[in-house]
Amino acid sequence: MELAFEDEQLRAMCTTRGRALAVHGPEIAQELKKRLADIRAAETASDLLVGTRFVGDGECEAIHVSLGGGFELILVANHVQNPRKGSGKIDWDKVARVKVSQISRMAAE
């Protein structure tokens, strides 16, 4: 899949190991590196099964990828026109471009 980032600060966090280490520590930095490699290797978003949740409806749909330690990587579809099912929901089987929108603490369920 093609990967984009919400902003330059998030890009630096995801692509510069030292930055991720300084902010999140070695365990989260290592998991972030592995999960980003998994995302790049996947053909579509629905290939991301382990440690992921598909959340939301309509324009607010996102993929939450667990990084451990209570953190998650949040991805959104990033096509010019995101592929949709007849119901209007994003068709994750056809999403080949995602954007990292944030790294955040996981919400309590």
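Let's start at Ala 62, which touches Arg 53, Phe 54, Val 55, Ile 74, Leu 75, Val 76 and Trp 92, leaving out residues up to four places away in sequence. Ala 62 belongs to strand S3, and this is a predicted model. From here the tour takes in the sheet, the helices packed on it and the nonpolar core.

- Ala 62 counts as buried because its relative accessibility is 6%, under the 20% cut-off.
- Lys 99 lies 37 residues from Ala 62 in sequence, with 9.8 Å between their C-alpha atoms.
- Glu 61 sits in the loop between S2 and S3.
- Glu 61 also counts as buried, at 6% relative accessibility.
- The side chain of Glu 61 reaches the backbone nitrogen of Ile 90 at 2.7 Å.
- Not counting residues up to four places away in sequence, the contacts of Glu 61 include Val 55, Val 76, Arg 84, Lys 89 and Trp 92.

**The sheet**
- Five strands form an open sheet in the order S1-S5-S4-S3-S2, with mixed pairing.
- S1 and S2 (52–55) are the edge strands, each pairing on one side only.
- From one strand to the next, the twist averages 30°.
- Four bridges link S2 and S3 in the antiparallel sense, and Thr 52 stands opposite Val 65 in S3.
- S3 and S4 are antiparallel as well, with five bridges between them; here Ser 66 has Glu 72 of S4 as its bridge partner.
- Two residues separate the strands in the S3 and S4 hairpin, where Gly 69 adopts a positive phi near 60°.
- S4 and S5 run antiparallel and are joined by seven bridges, with Ser 104 in S5 as the bridge partner of Glu 72.
- Six of the seven residues of S4 are buried, leaving this strand mostly covered.

- At the start of H1, a side-chain oxygen of Asp 7 comes to within 3.2 Å of the backbone nitrogen of Gln 9.
- Which residues of H1 are buried? They are Leu 10, Met 13 and Cys 14.
- These residues lie on the same side of H1, because they cover an arc of only 90° around the axis.
- The cover over the buried residues of H1 includes S1, H2 and S5.

**The nonpolar core**
- The largest nonpolar core has 28 residues, and Ile 39, Leu 73, Leu 75, Val 100 and Ile 103 touch the most other members.
- At least two residues of this core come from each of S1 (2–5), H1 (8–15), H2 (17–41), S3 (62–68), S4 (71–77) and S5 (97–105).
- H2 gives the most to this core, with six residues.
- In soluble globular proteins, nonpolar side chains tend to be buried together.
- Setting aside neighbours within four places in sequence, Leu 73 is in contact with Leu 32, Leu 36, Ile 39, Ile 63, His 64, Val 65, Leu 67, Val 100, Gln 102 and Ile 103.

Notes:
Residues are numbered from 1 along each chain as its sequence is written. This is a predicted model: local features need pLDDT of at least 70, side-chain atom pairs count only at pLDDT 80 or more; totals for chains, interfaces and linings use all residues. Side-chain values use heavy atoms; hydrogens and water are left out. A nonpolar core is a set of buried Ala, Val, Leu, Ile, Met, Phe, Trp, Tyr and Cys residues joined through side-chain atoms within 4.5 Å. Buried means under 20% relative accessible area, exposed over 50%, partly exposed in between (1.4 Å probe, protein chains only). Contact means heavy atoms within 4.5 Å. Two strands pair if DSSP finds at least two bridges between them. Axes are lines fitted to C-alpha atoms, for helices over the stretch in contact, and angles run from 0 to 180 degrees between N-to-C directions. The arc is that of the directions from the helix axis to the C-beta atoms. A polar contact is a pair of N or O atoms within 3.5 Å; within protein, one must be able to donate a hydrogen and the other to accept it, and residues adjacent in sequence count only if both atoms are side-chain atoms.
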